[in-house]
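This briefing covers one protein model, with topics grouped for quick reference. Please look over the sequence and structure first.

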Amino acid sequence: MPPGARLRWALGSALALTLGAATLLPGAGAGADDAAGRSMAASHAPAATATAVTWTGDLNGQAPCPEGMTRLRRVASNSLDEGLPMPQFNNGWVSAPGLDGGSAARAAVSSGDVADHLFLPYVQGRVGDRTMFALATRSTQGDSAYTRLQVNSVDLRVGTSGSWRGRVHDITAATDDENGWLGAWFEHRSKAGAATTWDIDNLQIYTCRTAPVSRISGSDRYASAARIAATYPAGVGTAYLATGANFPDAISAAALAGRLDAPVLLTRPDSLPTATRTQLQRLQPARLVVLGGTGAVSQAVQDDASAYAGATTRIGGATRYDVSAGVARAYEPGVPVLYVASGEAFPDALAVGALAGSQNAPVLITPQDRLSGVVAAEVDRLRPGRIVVVGGPGAVSEAVVTDLRGRTAGGVTRIQGTDRYAVAAAVAQQFAPGRPRAYVATGASFPDALVGAARAGSQGVPVLLSRPHGLPGAAATALTRLEAGAGVLLGGDGALNALVMDQVGARVG
(Lines give C-alpha, C1' and ligand atoms only; values in the text may rest on other atoms or scores of the structure.)
Protein backbone atom coordinates (compact mmCIF):
# COMPACT_ATOMS: atom_id res chain seq x y z
CA MET A 1 0.00 0.00 0.00
CA PRO A 2 1.45 3.45 -0.85
CA PRO A 3 2.43 5.78 2.01
CA GLY A 4 -0.49 8.16 1.50
CA ALA A 5 -3.03 5.35 1.55
CA ARG A 6 -1.39 3.72 4.58
CA LEU A 7 -1.57 7.06 6.41
CA ARG A 8 -5.28 7.31 5.67
CA TRP A 9 -5.80 3.76 6.96
CA ALA A 10 -3.91 4.65 10.13
CA LEU A 11 -5.96 7.82 10.64
CA GLY A 12 -9.15 5.89 10.10
CA SER A 13 -8.09 3.21 12.57
CA ALA A 14 -7.26 5.80 15.21
CA LEU A 15 -10.59 7.51 14.70
CA ALA A 16 -12.39 4.18 14.90
CA LEU A 17 -10.75 3.43 18.22
CA THR A 18 -11.73 6.89 19.46
CA LEU A 19 -15.31 6.14 18.47
CA GLY A 20 -15.21 2.89 20.43
CA ALA A 21 -14.79 0.30 17.65
CA ALA A 22 -14.20 -3.14 19.10
CA THR A 23 -13.67 -6.05 16.74
CA LEU A 24 -13.60 -4.10 13.47
CA LEU A 25 -10.94 -1.51 12.72
CA PRO A 26 -12.27 0.71 9.90
CA GLY A 27 -10.08 1.98 7.11
CA ALA A 28 -9.76 5.66 6.29
CA GLY A 29 -11.43 7.44 3.43
CA ALA A 30 -10.19 9.34 0.43
CA GLY A 31 -9.27 12.97 0.69
CA ALA A 32 -9.93 15.83 -1.68
CA ASP A 33 -6.69 15.17 -3.54
CA ASP A 34 -7.96 11.84 -4.93
CA ALA A 35 -8.03 12.34 -8.68
CA ALA A 36 -7.48 10.40 -11.87
CA GLY A 37 -3.75 11.06 -11.85
CA ARG A 38 -3.37 10.08 -8.17
CA SER A 39 -4.44 6.48 -7.96
CA MET A 40 -4.26 5.13 -4.43
CA ALA A 41 -2.74 1.82 -5.62
CA ALA A 42 1.04 1.65 -5.53
CA SER A 43 2.71 1.49 -8.90
CA HIS A 44 4.70 -1.51 -7.69
CA ALA A 45 1.66 -3.42 -6.35
CA PRO A 46 1.41 -7.09 -7.38
CA ALA A 47 -0.35 -7.88 -10.62
CA ALA A 48 -4.03 -8.71 -10.38
CA THR A 49 -4.67 -12.28 -9.30
CA ALA A 50 -6.77 -14.44 -11.58
CA THR A 51 -10.43 -14.96 -10.84
CA ALA A 52 -10.34 -18.10 -8.73
CA VAL A 53 -13.75 -19.44 -9.59
CA THR A 54 -16.77 -18.53 -11.69
CA TRP A 55 -19.70 -17.51 -9.51
CA THR A 56 -22.96 -18.23 -11.31
CA GLY A 57 -26.50 -18.72 -10.12
CA ASP A 58 -27.78 -16.89 -7.05
CA LEU A 59 -25.59 -13.79 -6.78
CA ASN A 60 -27.60 -12.76 -3.76
CA GLY A 61 -26.55 -15.93 -1.90
CA GLN A 62 -23.33 -17.59 -0.82
CA ALA A 63 -20.32 -17.34 -3.09
CA PRO A 64 -18.39 -20.54 -3.86
CA CYS A 65 -14.88 -21.77 -3.15
CA PRO A 66 -12.47 -22.91 -5.87
CA GLU A 67 -12.90 -26.38 -7.34
CA GLY A 68 -11.96 -29.10 -4.88
CA MET A 69 -12.60 -26.92 -1.84
CA THR A 70 -15.46 -26.03 0.48
CA ARG A 71 -16.21 -23.04 2.68
CA LEU A 72 -14.52 -23.12 6.08
CA ARG A 73 -15.19 -19.79 7.78
CA ARG A 74 -16.97 -16.51 7.07
CA VAL A 75 -14.65 -13.60 7.77
CA ALA A 76 -17.02 -10.77 6.85
CA SER A 77 -19.98 -10.01 4.62
CA ASN A 78 -22.06 -6.98 3.70
CA SER A 79 -25.26 -7.00 1.66
CA LEU A 80 -25.14 -3.16 1.53
CA ASP A 81 -28.87 -3.14 2.31
CA GLU A 82 -28.20 -1.15 5.49
CA GLY A 83 -26.32 1.59 3.69
CA LEU A 84 -22.69 2.16 2.78
CA PRO A 85 -19.92 1.11 5.15
CA MET A 86 -17.60 3.77 6.56
CA PRO A 87 -19.67 6.77 5.32
CA GLN A 88 -17.41 9.24 7.10
CA PHE A 89 -14.42 8.16 5.02
CA ASN A 90 -15.88 7.39 1.59
CA ASN A 91 -15.91 9.64 -1.44
CA GLY A 92 -18.46 9.61 -4.23
CA TRP A 93 -20.23 6.28 -3.64
CA VAL A 94 -23.98 6.28 -2.97
CA SER A 95 -26.69 3.69 -2.33
CA ALA A 96 -28.45 2.40 -5.45
CA PRO A 97 -30.86 -0.40 -6.40
CA GLY A 98 -29.17 -3.77 -5.97
CA LEU A 99 -29.94 -7.47 -6.27
CA ASP A 100 -33.47 -8.77 -5.62
CA GLY A 101 -34.87 -5.45 -4.50
CA GLY A 102 -32.06 -4.70 -2.06
CA SER A 103 -29.47 -1.96 -2.16
CA ALA A 104 -26.04 -1.78 -3.75
CA ALA A 105 -23.22 0.75 -3.74
CA ARG A 106 -22.74 2.89 -6.85
CA ALA A 107 -19.93 5.10 -8.05
CA ALA A 108 -20.67 7.51 -10.90
CA VAL A 109 -17.64 9.18 -12.44
CA SER A 110 -17.21 11.65 -15.29
CA SER A 111 -15.00 14.53 -16.35
CA GLY A 112 -16.37 16.47 -13.38
CA ASP A 113 -15.77 13.69 -10.84
CA VAL A 114 -12.94 11.54 -12.07
CA ALA A 115 -12.45 9.12 -9.14
CA ASP A 116 -14.60 7.62 -6.36
CA HIS A 117 -13.35 5.50 -3.44
CA LEU A 118 -15.16 3.18 -1.06
CA PHE A 119 -13.53 1.73 2.07
CA LEU A 120 -14.51 -1.36 4.03
CA PRO A 121 -13.79 -1.93 7.74
CA TYR A 122 -10.65 -3.81 8.65
CA VAL A 123 -11.46 -7.44 9.41
CA GLN A 124 -9.39 -10.11 11.10
CA GLY A 125 -8.32 -12.99 8.91
CA ARG A 126 -5.60 -15.55 9.53
CA VAL A 127 -2.19 -15.64 7.91
CA GLY A 128 -1.99 -18.29 5.21
CA ASP A 129 -5.67 -19.25 5.20
CA ARG A 130 -7.04 -19.72 1.67
CA THR A 131 -9.02 -16.48 1.67
CA MET A 132 -11.45 -15.30 -0.99
CA PHE A 133 -13.12 -11.98 -1.77
CA ALA A 134 -16.41 -12.26 -3.66
CA LEU A 135 -18.81 -9.64 -4.95
CA ALA A 136 -21.61 -9.14 -7.41
CA THR A 137 -20.77 -6.38 -9.86
CA ARG A 138 -21.98 -4.53 -12.92
CA SER A 139 -20.75 -1.43 -14.73
CA THR A 140 -21.02 0.66 -17.83
CA GLN A 141 -17.22 0.91 -17.66
CA GLY A 142 -15.75 -1.52 -20.16
CA ASP A 143 -12.13 -1.35 -18.99
CA SER A 144 -11.37 -3.29 -15.80
CA ALA A 145 -8.29 -1.15 -15.17
CA TYR A 146 -10.73 1.52 -13.98
CA THR A 147 -12.80 -0.71 -11.69
CA ARG A 148 -10.33 -1.85 -9.06
CA LEU A 149 -10.27 -3.53 -5.68
CA GLN A 150 -7.25 -3.50 -3.39
CA VAL A 151 -6.89 -5.67 -0.29
CA ASN A 152 -3.65 -4.71 1.45
CA SER A 153 -0.98 -5.28 -1.23
CA VAL A 154 -3.20 -7.42 -3.48
CA ASP A 155 -4.30 -5.22 -6.37
CA LEU A 156 -7.20 -6.51 -8.46
CA ARG A 157 -8.83 -5.40 -11.70
CA VAL A 158 -12.50 -6.32 -11.33
CA GLY A 159 -13.96 -7.38 -14.64
CA THR A 160 -17.50 -6.10 -15.18
CA SER A 161 -20.34 -6.09 -17.66
CA GLY A 162 -23.62 -4.28 -18.10
CA SER A 163 -25.51 -6.95 -16.15
CA TRP A 164 -24.86 -8.40 -12.71
CA ARG A 165 -21.99 -10.89 -12.65
CA GLY A 166 -20.33 -12.74 -9.80
CA ARG A 167 -16.59 -12.28 -9.27
CA VAL A 168 -14.45 -14.28 -6.83
CA HIS A 169 -10.79 -13.42 -6.22
CA ASP A 170 -8.14 -15.19 -4.18
CA ILE A 171 -6.70 -12.72 -1.64
CA THR A 172 -4.68 -15.21 0.39
CA ALA A 173 -1.49 -13.20 -0.24
CA ALA A 174 -3.07 -10.24 1.58
CA THR A 175 -3.18 -12.17 4.84
CA ASP A 176 0.63 -11.96 5.02
CA ASP A 177 0.74 -8.16 5.01
CA GLU A 178 -0.79 -7.12 8.33
CA ASN A 179 -0.65 -10.29 10.43
CA GLY A 180 -4.00 -11.38 9.04
CA TRP A 181 -5.79 -8.03 9.18
CA LEU A 182 -7.47 -7.22 5.86
CA GLY A 183 -8.18 -3.70 4.68
CA ALA A 184 -10.13 -3.47 1.43
CA TRP A 185 -11.11 -0.51 -0.71
CA PHE A 186 -12.60 0.10 -4.16
CA GLU A 187 -11.60 2.66 -6.74
CA HIS A 188 -13.66 3.67 -9.76
CA ARG A 189 -11.97 6.10 -12.15
CA SER A 190 -13.16 7.79 -15.32
CA LYS A 191 -11.42 6.78 -18.52
CA ALA A 192 -10.71 9.89 -20.57
CA GLY A 193 -13.46 11.76 -18.72
CA ALA A 194 -16.22 9.36 -19.79
CA ALA A 195 -19.36 9.19 -17.64
CA THR A 196 -19.65 5.65 -16.26
CA THR A 197 -21.20 3.89 -13.28
CA TRP A 198 -20.03 0.92 -11.21
CA ASP A 199 -22.34 -1.02 -8.90
CA ILE A 200 -21.22 -3.57 -6.30
CA ASP A 201 -23.32 -5.78 -4.03
CA ASN A 202 -23.16 -8.81 -1.70
CA LEU A 203 -19.55 -8.43 -0.57
CA GLN A 204 -18.08 -11.53 1.07
CA ILE A 205 -14.72 -12.43 2.59
CA TYR A 206 -14.36 -16.09 3.57
CA THR A 207 -11.90 -18.93 3.84
CA CYS A 208 -11.90 -22.32 2.14
CA ARG A 209 -10.47 -25.73 2.96
CA THR A 210 -9.55 -28.62 0.73
CA ALA A 211 -12.37 -31.15 0.44
CA PRO A 212 -12.50 -34.68 -1.04
CA VAL A 213 -14.62 -33.55 -3.96
CA SER A 214 -13.75 -33.70 -7.66
CA ARG A 215 -15.35 -33.36 -11.07
CA ILE A 216 -15.49 -35.55 -14.17
CA SER A 217 -16.38 -33.45 -17.18
CA GLY A 218 -15.73 -32.84 -20.82
CA SER A 219 -16.48 -30.17 -23.39
CA ASP A 220 -19.91 -31.70 -24.12
CA ARG A 221 -22.05 -34.70 -23.16
CA TYR A 222 -20.06 -37.03 -25.41
CA ALA A 223 -16.75 -35.94 -23.96
CA SER A 224 -18.10 -36.17 -20.42
CA ALA A 225 -19.30 -39.73 -21.05
CA ALA A 226 -15.90 -40.56 -22.49
CA ARG A 227 -14.20 -39.16 -19.37
CA ILE A 228 -16.33 -41.43 -17.20
CA ALA A 229 -15.52 -44.37 -19.47
CA ALA A 230 -11.84 -43.53 -19.00
CA THR A 231 -12.16 -44.72 -15.38
CA TYR A 232 -12.62 -48.30 -16.67
CA PRO A 233 -9.62 -50.47 -17.56
CA ALA A 234 -8.89 -51.41 -21.14
CA GLY A 235 -10.19 -54.75 -22.30
CA VAL A 236 -13.64 -54.60 -20.71
CA GLY A 237 -15.97 -57.46 -21.42
CA THR A 238 -18.88 -55.27 -22.55
CA ALA A 239 -19.47 -51.65 -23.51
CA TYR A 240 -22.77 -49.99 -24.38
CA LEU A 241 -23.30 -47.34 -27.04
CA ALA A 242 -26.42 -45.15 -26.99
CA THR A 243 -27.63 -41.96 -28.55
CA GLY A 244 -26.82 -38.78 -26.67
CA ALA A 245 -29.82 -37.07 -28.23
CA ASN A 246 -32.47 -38.74 -26.04
CA PHE A 247 -32.69 -40.84 -22.90
CA PRO A 248 -35.08 -43.82 -23.24
CA ASP A 249 -32.90 -46.37 -25.02
CA ALA A 250 -30.07 -46.31 -22.51
CA ILE A 251 -32.04 -45.70 -19.34
CA SER A 252 -32.68 -49.36 -18.58
CA ALA A 253 -29.19 -50.32 -19.68
CA ALA A 254 -27.57 -48.17 -16.96
CA ALA A 255 -28.53 -50.76 -14.34
CA LEU A 256 -27.34 -53.68 -16.47
CA ALA A 257 -24.08 -51.87 -17.24
CA GLY A 258 -23.58 -51.37 -13.52
CA ARG A 259 -24.11 -55.07 -12.93
CA LEU A 260 -21.56 -55.99 -15.63
CA ASP A 261 -19.06 -53.25 -14.73
CA ALA A 262 -19.47 -51.99 -18.28
CA PRO A 263 -19.13 -48.40 -19.51
CA VAL A 264 -21.88 -46.55 -21.36
CA LEU A 265 -20.72 -44.28 -24.18
CA LEU A 266 -22.80 -41.76 -26.11
CA THR A 267 -22.91 -41.02 -29.81
CA ARG A 268 -24.61 -38.69 -32.22
CA PRO A 269 -27.19 -40.52 -34.33
CA ASP A 270 -25.24 -40.16 -37.58
CA SER A 271 -21.60 -39.77 -36.52
CA LEU A 272 -19.30 -41.16 -33.87
CA PRO A 273 -17.84 -38.31 -31.77
CA THR A 274 -14.07 -38.17 -31.55
CA ALA A 275 -14.07 -38.53 -27.76
CA THR A 276 -16.25 -41.65 -28.01
CA ARG A 277 -14.07 -43.12 -30.73
CA THR A 278 -10.93 -42.53 -28.66
CA GLN A 279 -12.38 -44.34 -25.65
CA LEU A 280 -13.65 -47.26 -27.73
CA GLN A 281 -10.20 -47.60 -29.24
CA ARG A 282 -8.66 -47.67 -25.75
CA LEU A 283 -11.28 -49.93 -24.16
CA GLN A 284 -11.30 -52.54 -26.96
CA PRO A 285 -14.44 -54.23 -25.51
CA ALA A 286 -14.96 -57.90 -26.22
CA ARG A 287 -18.60 -57.06 -26.94
CA LEU A 288 -20.24 -53.79 -27.97
CA VAL A 289 -23.99 -53.45 -27.46
CA VAL A 290 -25.73 -50.73 -29.46
CA LEU A 291 -28.95 -49.52 -27.86
CA GLY A 292 -31.96 -48.46 -29.90
CA GLY A 293 -32.94 -48.64 -33.53
CA THR A 294 -31.17 -47.13 -36.51
CA GLY A 295 -33.03 -43.88 -36.00
CA ALA A 296 -31.24 -43.50 -32.67
CA VAL A 297 -27.85 -44.94 -33.69
CA SER A 298 -27.43 -45.34 -37.43
CA GLN A 299 -26.05 -48.45 -39.06
CA ALA A 300 -23.09 -46.37 -40.24
CA VAL A 301 -22.23 -45.45 -36.64
CA GLN A 302 -22.60 -49.08 -35.58
CA ASP A 303 -20.27 -50.20 -38.37
CA ASP A 304 -17.76 -47.50 -37.43
CA ALA A 305 -17.80 -48.40 -33.74
CA SER A 306 -17.63 -52.13 -34.45
CA ALA A 307 -14.05 -51.75 -35.60
CA TYR A 308 -13.02 -51.40 -31.94
CA ALA A 309 -14.94 -54.39 -30.53
CA GLY A 310 -14.66 -58.14 -30.74
CA ALA A 311 -18.36 -58.51 -31.54
CA THR A 312 -21.29 -56.12 -31.89
CA THR A 313 -24.99 -56.62 -31.24
CA ARG A 314 -27.96 -54.28 -31.19
CA ILE A 315 -30.94 -54.14 -28.84
CA GLY A 316 -33.61 -52.38 -30.86
CA GLY A 317 -37.35 -52.23 -31.19
CA ALA A 318 -40.23 -50.15 -32.42
CA THR A 319 -40.54 -48.19 -29.15
CA ARG A 320 -38.53 -47.29 -26.06
CA TYR A 321 -40.49 -49.96 -24.19
CA ASP A 322 -39.34 -52.63 -26.63
CA VAL A 323 -35.73 -51.59 -25.99
CA SER A 324 -36.27 -51.60 -22.23
CA ALA A 325 -37.73 -55.11 -22.36
CA GLY A 326 -34.87 -56.20 -24.63
CA VAL A 327 -32.32 -55.03 -22.07
CA ALA A 328 -34.19 -56.83 -19.25
CA ARG A 329 -33.94 -60.13 -21.14
CA ALA A 330 -30.34 -60.33 -19.96
CA TYR A 331 -31.69 -61.24 -16.50
CA GLU A 332 -32.80 -64.73 -15.53
CA PRO A 333 -36.34 -65.31 -14.22
CA GLY A 334 -36.84 -65.10 -10.48
CA VAL A 335 -35.04 -61.81 -9.83
CA PRO A 336 -35.40 -60.74 -6.18
CA VAL A 337 -36.48 -57.22 -7.07
CA LEU A 338 -37.59 -55.33 -10.18
CA TYR A 339 -37.66 -51.54 -10.48
CA VAL A 340 -40.27 -49.81 -12.64
CA ALA A 341 -40.03 -46.13 -13.58
CA SER A 342 -41.55 -43.67 -16.02
CA GLY A 343 -40.50 -43.93 -19.63
CA GLU A 344 -41.89 -40.48 -20.35
CA ALA A 345 -39.43 -38.52 -18.18
CA PHE A 346 -35.87 -39.42 -17.24
CA PRO A 347 -35.14 -38.37 -13.62
CA ASP A 348 -36.68 -41.24 -11.66
CA ALA A 349 -35.16 -43.99 -13.78
CA LEU A 350 -31.79 -42.26 -13.68
CA ALA A 351 -31.93 -42.03 -9.91
CA VAL A 352 -32.58 -45.76 -9.47
CA GLY A 353 -30.07 -46.98 -12.05
CA ALA A 354 -27.13 -47.08 -9.64
CA LEU A 355 -29.15 -48.82 -6.91
CA ALA A 356 -30.48 -51.42 -9.34
CA GLY A 357 -27.02 -51.99 -10.77
CA SER A 358 -25.57 -52.59 -7.31
CA GLN A 359 -28.35 -55.12 -6.59
CA ASN A 360 -28.21 -56.93 -9.95
CA ALA A 361 -31.82 -55.85 -10.46
CA PRO A 362 -33.46 -54.90 -13.77
CA VAL A 363 -35.18 -51.60 -14.50
CA LEU A 364 -38.19 -51.44 -16.79
CA ILE A 365 -39.87 -48.28 -17.99
CA THR A 366 -43.58 -47.77 -18.51
CA PRO A 367 -46.08 -45.25 -19.81
CA GLN A 368 -47.67 -43.27 -17.00
CA ASP A 369 -51.19 -44.73 -17.26
CA ARG A 370 -50.68 -48.38 -18.29
CA LEU A 371 -48.15 -51.12 -18.79
CA SER A 372 -47.21 -51.60 -22.42
CA GLY A 373 -47.74 -55.14 -23.66
CA VAL A 374 -44.05 -55.89 -24.14
CA VAL A 375 -43.17 -54.63 -20.65
CA ALA A 376 -46.02 -56.58 -19.06
CA ALA A 377 -44.78 -59.73 -20.80
CA GLU A 378 -41.27 -59.12 -19.53
CA VAL A 379 -42.48 -58.61 -15.96
CA ASP A 380 -44.26 -61.95 -16.20
CA ARG A 381 -41.10 -63.64 -17.53
CA LEU A 382 -38.89 -62.16 -14.80
CA ARG A 383 -41.21 -63.33 -11.98
CA PRO A 384 -39.80 -60.76 -9.57
CA GLY A 385 -39.86 -61.45 -5.84
CA ARG A 386 -41.04 -57.88 -5.34
CA ILE A 387 -41.48 -54.73 -7.40
CA VAL A 388 -40.48 -51.18 -6.51
CA VAL A 389 -42.09 -48.33 -8.43
CA VAL A 390 -39.91 -45.21 -8.57
CA GLY A 391 -41.79 -41.92 -8.56
CA GLY A 392 -45.23 -40.75 -7.53
CA PRO A 393 -48.60 -41.29 -9.23
CA GLY A 394 -47.86 -38.43 -11.61
CA ALA A 395 -45.01 -40.53 -13.01
CA VAL A 396 -46.45 -44.05 -12.65
CA SER A 397 -50.18 -44.20 -11.99
CA GLU A 398 -51.97 -46.25 -9.36
CA ALA A 399 -53.52 -48.22 -12.24
CA VAL A 400 -50.03 -49.41 -13.20
CA VAL A 401 -49.29 -50.30 -9.57
CA THR A 402 -52.51 -52.32 -9.40
CA ASP A 403 -51.56 -54.17 -12.59
CA LEU A 404 -48.08 -54.90 -11.22
CA ARG A 405 -49.48 -56.36 -7.98
CA GLY A 406 -50.95 -59.18 -9.98
CA ARG A 407 -47.56 -60.01 -11.51
CA THR A 408 -45.47 -60.69 -8.40
CA ALA A 409 -45.79 -62.97 -5.38
CA GLY A 410 -44.33 -60.19 -3.25
CA GLY A 411 -45.50 -56.66 -2.69
CA VAL A 412 -45.34 -53.52 -4.78
CA THR A 413 -43.98 -50.44 -3.04
CA ARG A 414 -43.08 -46.91 -4.10
CA ILE A 415 -40.04 -44.71 -3.65
CA GLN A 416 -41.29 -41.19 -4.15
CA GLY A 417 -40.76 -37.58 -3.18
CA THR A 418 -41.98 -34.06 -3.78
CA ASP A 419 -39.79 -33.62 -6.87
CA ARG A 420 -37.04 -35.35 -8.85
CA TYR A 421 -34.40 -34.31 -6.34
CA ALA A 422 -36.34 -35.72 -3.42
CA VAL A 423 -36.94 -38.98 -5.32
CA ALA A 424 -33.22 -39.34 -6.06
CA ALA A 425 -32.44 -38.58 -2.42
CA ALA A 426 -34.94 -41.23 -1.28
CA VAL A 427 -33.30 -43.75 -3.60
CA ALA A 428 -29.87 -42.85 -2.19
CA GLN A 429 -31.20 -43.50 1.30
CA GLN A 430 -31.43 -47.18 0.32
CA PHE A 431 -27.62 -47.36 0.41
CA ALA A 432 -25.94 -48.08 3.74
CA PRO A 433 -23.89 -45.19 5.19
CA GLY A 434 -20.14 -45.15 4.79
CA ARG A 435 -19.97 -45.48 1.01
CA PRO A 436 -16.54 -44.62 -0.44
CA ARG A 437 -18.06 -41.94 -2.64
CA ALA A 438 -21.29 -40.46 -3.94
CA TYR A 439 -21.87 -39.12 -7.44
CA VAL A 440 -23.85 -35.96 -8.09
CA ALA A 441 -25.32 -35.07 -11.49
CA THR A 442 -27.64 -32.39 -12.76
CA GLY A 443 -31.33 -33.17 -12.64
CA ALA A 444 -31.96 -30.74 -15.49
CA SER A 445 -30.73 -33.08 -18.24
CA PHE A 446 -30.08 -36.79 -18.62
CA PRO A 447 -26.65 -37.61 -20.14
CA ASP A 448 -24.33 -37.19 -17.14
CA ALA A 449 -26.55 -39.05 -14.69
CA LEU A 450 -27.30 -41.79 -17.22
CA VAL A 451 -23.63 -42.59 -17.81
CA GLY A 452 -22.73 -41.99 -14.18
CA ALA A 453 -25.41 -44.38 -12.93
CA ALA A 454 -23.66 -47.25 -14.69
CA ARG A 455 -20.34 -46.38 -13.02
CA ALA A 456 -21.94 -45.82 -9.63
CA GLY A 457 -23.81 -49.12 -9.84
CA SER A 458 -20.61 -51.02 -10.51
CA GLN A 459 -19.06 -49.41 -7.41
CA GLY A 460 -22.10 -49.86 -5.16
CA VAL A 461 -22.56 -46.14 -4.58
CA PRO A 462 -25.45 -43.71 -5.21
CA VAL A 463 -26.10 -40.95 -7.71
CA LEU A 464 -27.85 -37.86 -6.38
CA LEU A 465 -29.46 -35.20 -8.53
CA SER A 466 -28.87 -31.48 -8.04
CA ARG A 467 -30.02 -28.21 -9.49
CA PRO A 468 -27.31 -26.58 -11.60
CA HIS A 469 -26.78 -23.67 -9.19
CA GLY A 470 -27.33 -25.17 -5.76
CA LEU A 471 -27.69 -28.47 -3.94
CA PRO A 472 -31.37 -29.11 -3.06
CA GLY A 473 -32.18 -29.65 0.60
CA ALA A 474 -33.18 -33.29 0.10
CA ALA A 475 -29.88 -34.06 -1.65
CA ALA A 476 -27.89 -32.26 1.06
CA THR A 477 -29.65 -34.24 3.80
CA ALA A 478 -29.06 -37.53 1.98
CA LEU A 479 -25.37 -36.75 1.46
CA THR A 480 -24.91 -35.98 5.14
CA ARG A 481 -26.58 -39.25 6.15
CA LEU A 482 -24.57 -41.27 3.63
CA GLU A 483 -21.26 -40.23 5.22
CA ALA A 484 -19.57 -40.78 1.87
CA GLY A 485 -15.79 -40.61 1.79
CA ALA A 486 -15.76 -38.38 -1.30
CA GLY A 487 -18.03 -36.59 -3.74
CA VAL A 488 -17.75 -36.71 -7.52
CA LEU A 489 -19.60 -34.20 -9.70
CA LEU A 490 -20.54 -35.33 -13.19
CA GLY A 491 -20.44 -32.66 -15.88
CA GLY A 492 -18.95 -29.20 -16.22
CA ASP A 493 -19.72 -25.88 -14.57
CA GLY A 494 -22.73 -25.36 -16.81
CA ALA A 495 -24.27 -28.57 -15.46
CA LEU A 496 -23.25 -28.13 -11.82
CA ASN A 497 -21.59 -24.89 -10.83
CA ALA A 498 -18.80 -24.33 -8.31
CA LEU A 499 -21.27 -23.64 -5.49
CA VAL A 500 -22.67 -27.17 -5.86
CA MET A 501 -19.13 -28.55 -5.59
CA ASP A 502 -18.59 -26.38 -2.52
CA GLN A 503 -21.81 -27.66 -0.92
CA VAL A 504 -21.05 -31.29 -1.75
CA GLY A 505 -17.54 -30.90 -0.35
CA ALA A 506 -18.97 -29.75 2.98
CA ARG A 507 -20.90 -33.03 3.33
CA VAL A 508 -18.36 -35.69 2.40
CA GLY A 509 -15.09 -36.92 3.82
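Are Cys-65 and Cys-208 buried or exposed? Cys-65 is buried, and Cys-208 is buried as well; buried means under 20% relative accessible area, exposed over 50% and partly exposed in between, with a 1.4 Å probe and protein chains only. The model is predicted: local features need pLDDT of at least 70, side-chain atom pairs count only at pLDDT 80 or more, and totals for chains, interfaces and linings use all residues. Residues are numbered from 1 along each chain as its sequence is written, and side-chain values use heavy atoms, with hydrogens and water left out.

**Overall**
- The protein has 14 helices and 26 strands, taken as DSSP runs (helices H or I, at least four residues; strands E, at least two) numbered from the N terminus.
- Of the 509 residues in the protein, 57% are buried.
- Among contacts (heavy atoms within 4.5 Å) with a separation of 6 or more, 77% are between residues 24 or more positions apart.

**Disulfide**
- The structure holds one disulfide, a pair of cysteine sulfur atoms within 2.5 Å.
- Cys-65 is joined to Cys-208 with an S to S distance of 2.1 Å, and the link is left-handed, at -90° about the S-S bond.
- Cys-65 sits in the loop between β2 (51-55) and β3 (69-78), and Cys-208 in strand β14 (residues 196-210); the pair links distant parts of the chain, 143 residues apart.

**Nonpolar cores**
- A nonpolar core is a set of buried Ala, Val, Leu, Ile, Met, Phe, Trp, Tyr and Cys residues joined through side-chain atoms within 4.5 Å.
- The largest has 115 residues, and Leu-464 is among those with the most contacts inside it, as are Tyr-240 and Leu-291.
- A second, separate core of 26 residues includes Val-75, Trp-93, Leu-118 and Leu-182.

**Aromatic pairs**
- Rings of Phe, Tyr and Trp (its six-membered ring) pair if their centres lie within 6.5 Å; planes under 30 degrees apart count as stacked, over 60 as edge-to-face and the rest as tilted.
- By this rule there are eight aromatic pairs.
- The pair of Phe-186 and Trp-198 is edge-to-face because the ring centres are 5.8 Å apart and the planes are at 75°.
- Phe-186 lies in strand β13 (residues 184-189) and Trp-198 in strand β14, so the pair ties together parts 12 residues apart in sequence.
- Phe-186 counts as buried at 0% relative accessibility, and Trp-198 counts as buried at 0% too.
- Trp-93, Phe-133, Phe-186 and Trp-198 form one aromatic cluster.
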